[in-house]
Amino acid sequence: MRSVPDLENAMYQSLQGYPCVRLLNVTGELGCANPGRTKAIAPIQRFQDANSVQLSAPRTLLLPSSALVGFLKRLEEADGSSSSLEQQVAGLLIEYDNLSFPEVAGFSADSIFPQAEFAPYDTKSYQWNPTGSGIMYRRLNFPVFLLHKNSTDDVQALAAKNERVGFKYPLNVAEFNAVMRTTKAGTHTTESCLRENSCLPLGGYSVWSALPAMNVSSPTGKPIVLAIASMDSSSFFHDVAPGADSPLSGMLALLAAVDALAEMGGLETLKKQLVFLVLTGESFGYLGSRQFLAQLKSDSNFVMGLNATSIYQVLEVGSIGQAYDSTFYVHKQASAATTPTLQILNALKAAAVSLKDSTSKPQVKPASPSNPGIPPSSLMSFVHKDPTTAGVVLEEFDTIFKNKFYHSQYDDASNINVEVIASAASLVARALYMLASDNTADTTILKSIQVNVSLVEAMVGCLFHQEPGMTCELVKSLMTPSQGFTTHYVGVFQQEPSAIPDPYYIEDTSRFVWNFLADRTELNRKEWKKFSAQNEECTDACKNPEEVCVASTADHKGRCIVSTTRYVPAFSPRLGYESSGWQLLPLETGDTMGAADPVYTESFWSTIGLQVYLQESSWFDEMVLFLGVSITAFSFFAIICTKAVFQKRLKRA
Amino acid sequence: MTEVGGTGYALIALGPAFSLFLTVIASKPFLILTVLGSAMMWLVSLIACAILWRAFLPGAVWTFLPLLITVVGIQEAVRLYYWCLYLKVEHFLNKLAAKVSKPQLVATDKIQIAIASGLGHGIAHSVFFCLSLLTPAFGPATYYIDSCVHMPLFLVAAFMGLGFLLLHTFSMVIAFNALAGDKHFHQLFVPVMHLCASLLTMVNLLPGGCIAGVPMTLICAVVTLAVAGKIVWDKTGTGSAELGNLQRVHSSSSL
């Protein structure tokens, strides 16, 4: 230590961790936060499991991740002991673990039937997600952080030191700063916090694209085959919501399928038009799909070229990254129109047949008729709007989720398989071509549709690994990311919803999807490659309003191309934007999904931080002050007395 | 540890200096100037030591020994130089007083000037070696070093600051008296005590050493204070030679 700043650095240690943040909905709050306006400080104490937690004084609890659910359950118990327990918890730190416990049981922060209130059928108690704990929806009055690996070791050492001295001061304390603006403003529901400007609605930008590019001002009127996937996930800790299997494996399969289909010629001669839609915000009340349908209904600029009646068939690609037995299940709603829905199933089957010589040999089966209906999926929004919608959801599971880590921090790259995703992508690509050809395409053409497995591998590296993360080659060639490692939590809607989307306010994942789809669905792409000098350079907009600017990065300008790739805002249709800001709109009659919509918002916060240091008890500080004051007072009187004594002495002399 | 603790530490280190300043120094402008001037000289001597030792630091623990010896040596040399300067100033002041028919400097004045000079040294030492170290003490955290688990670092620094403040203040009283009256014992006492106190601080380097090191510094300070007290006691006693000079005690001092 060479200087006073070095001393200060040695005194305070900042920890790395992922916080649980305060969200609000129409009925109240969920998530975690500091209870008031001040930092939460308490000595660190570690317990091995949820049941052994005994607190005699306010503490910062350090628990292994296997104890989180059990401990939160204990707090829920109706008897008096749980509320006194909760009062003693100043903050909760969860240790990083190497996936040792979840191997056995699984862990999901969502409920047993995720978003059951939106299901277009009555059996709301069906257990799609048996490992579901529902802790995502709990309201906690203390901050919770998930620690990084390095910080976990440090904090365990500090907790052990506290134990060794028997919790006698000075003790190692943790200081949490997770003060939320909604707490300070006293607003505890979506409606009040939007009015007081202490929160923002959740949302982002979905992306849709057409292959081949359409003339949006005068559409051909071809029936549309809409292929859907989602790009957002969730977890108890929003900063670590990878969602690799659920739902991004579906998105990867769809993007790889678009890549394969873009190589095919003659798509404009096919009977139907292919449109791809990658939604965001689906984990929070299906706000992406519902807003998309609302935009279609109001015929907005964002969806120019599409209309609700032209959508003939819907194929949703759900979680497909864990289909290790190479079987994919086709889920449909009983009320779906028979003929067009059967055509989708047959297209998928034909695609599977064309792949029987491949290494993966995927199979397609209809889901069990004992299921109450379609699993939690964006298709639910379409079914609510029109129960006869000819739509299916392609999933890796039949009757219950295969993903044991749905909506948790463990749904990462180790939870999916690249070959399985590539196999699903081949299936989807060939099935979509079949559908576009009205199921008339022959096997030879189908077999020529080839998915690039290394593309899937590259995307997995970009989206789910720290290295290379979003600074990978694939992403960097298309856009400049704002950060290296992204979470797939949807985040808040930062712009005015009717404004032209400003890339500055759009999440990296959405921007990547937009640029990828625009690049692949570019009109005359193969032709362009011969005449590379033809495209105009651009940074964000193109002179020709029919063109969009793709692949504009910090290193090189983009190029203007003809592509029907557009952003669609994604936010709850229960919200409207006026000059005064966001407002909760009155509920329309017959809007069942709107009635069930919690309308999530996230509180503003200035900083969220976590640090640890050694602290004395307050009486020690008071003793030191007392000592200082006494010494000063004593010296004061001693000097005065001495002065008097010497003056007397001098007088006498 | 919080503002309460930080204020406490600051008062421990500088409370007596503050009291001394208020009761003795503050009413006499010349003494205030003396405090400032002496503090400045002390800082110059520190700079000289720093320049000398810059090339060798940070070094191994054994370098502390030659470091302390040379630094104490330089500071004592500066004290002698300060005494020479003081003699010139005293001579000049007396001449000036004679010109305007005001009284000359008496013994009590000289003692007060000595206290002010010592206080200047002590305050400069405290501010540099103690007060800057205490700034983190106003935050919520505390700090213990490995070799001293009994007291926070800040408490050790505060007590050491207090000890050296008292030591420097009263050493100057002894030094002025010794150099004026050419008393060899006292002339040796000051540098030797200074050196002893400095070397004894190295006891703090041993594990658990602060339990012994801090009281030892305070004992040195108390001893110095006692010696200075005795000198002043003797000086204000019934010694005939100085009597005449003490007569003007009641009237306001020429300072």
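1. A definition to start with: helices (H or I, at least four residues) and strands (E, at least two) are DSSP runs, numbered from the N terminus. With that in hand, the span of residues 623-646 of chain A is 100% helix and 0% strand, and its end C-alpha atoms lie 34 Å apart. The UniProt annotation "transmembrane region", from an unreviewed entry, covers these residues 623-646 of chain A. UniProt positions are given here in the numbering of this note, feature names are shortened, and annotations may be inferred rather than shown by experiment.

2. Some ground rules before going on. This is a predicted model, where local features need pLDDT of at least 70 and side-chain atom pairs count only at pLDDT 80 or more, while totals for chains, interfaces and linings use all residues. Residues are numbered from 1 along each chain as its sequence is written, chains are lettered from A and ligands numbered from 1 in the order in which they are written, and side-chain values use heavy atoms, with hydrogens and water left out.

3. Chain B has its own set of annotated spans. For "transmembrane region", the unreviewed UniProt entry lists residues 6-25, 30-53, 59-78, 111-134, 154-176, 188-206 and 212-233 of chain B. Among them, residues 111-134 of chain B are 100% helix and 0% strand, with end C-alpha atoms 32 Å apart. Residues 154-176 of chain B are likewise 100% helix and 0% strand, and there the end C-alpha atoms are 33 Å apart.

4. Now to the interface. Counting contact as heavy atoms within 4.5 Å, 42 residues of chain B are in contact with 35 residues of chain A. The two chains bury about 3,300 Å² between them, 77% of it on carbon and sulfur atoms; buried area is the accessible area (1.4 Å probe) that two parts lose on being put together, summed over both. In chain B, Thr23(B), Pro140(B) and Tyr143(B) lose the most area to chain A, together 16% of what that side buries.

5. What holds for polar pairing there? Across the interface of chain B and chain A, the rule finds zero salt bridges (a side-chain nitrogen of Lys or Arg within 4 Å of a carboxyl oxygen of Asp or Glu). It does find eight residue pairs in polar contact, both residues at pLDDT 80 or more. A polar contact is a pair of N or O atoms within 3.5 Å; within protein, one must be able to donate a hydrogen and the other to accept it, and residues adjacent in sequence count only if both atoms are side-chain atoms. On the side of chain B that touches chain A, H1(B) gives the most, with 15 residues.

6. Over all chains the salt-bridge count comes to 18. In one of these, the side chains of Asp438(A) and Lys272(A) meet at 3.5 Å, N to O. The pair links distant parts of the chain, 166 residues apart: Asp438(A) is in the loop between helix H12 (418-436) and helix H13 (443-447) of chain A, and Lys272(A) in the loop between helix H8 (244-262) and strand E13 (273-279) of chain A.

7. A few local details may be worth a look. Six disulfides are found over all chains, a disulfide being a pair of cysteine sulfur atoms within 2.5 Å. Cys193(A) and Cys199(A) form one, with sulfur atoms 1.9 Å apart. The peptide bond from Tyr169(A) to Pro170(A) is cis, with omega near 0 degrees, and Pro170(A) lies in the loop between helix H5 (149-164) and strand E9 (171-177) of chain A.
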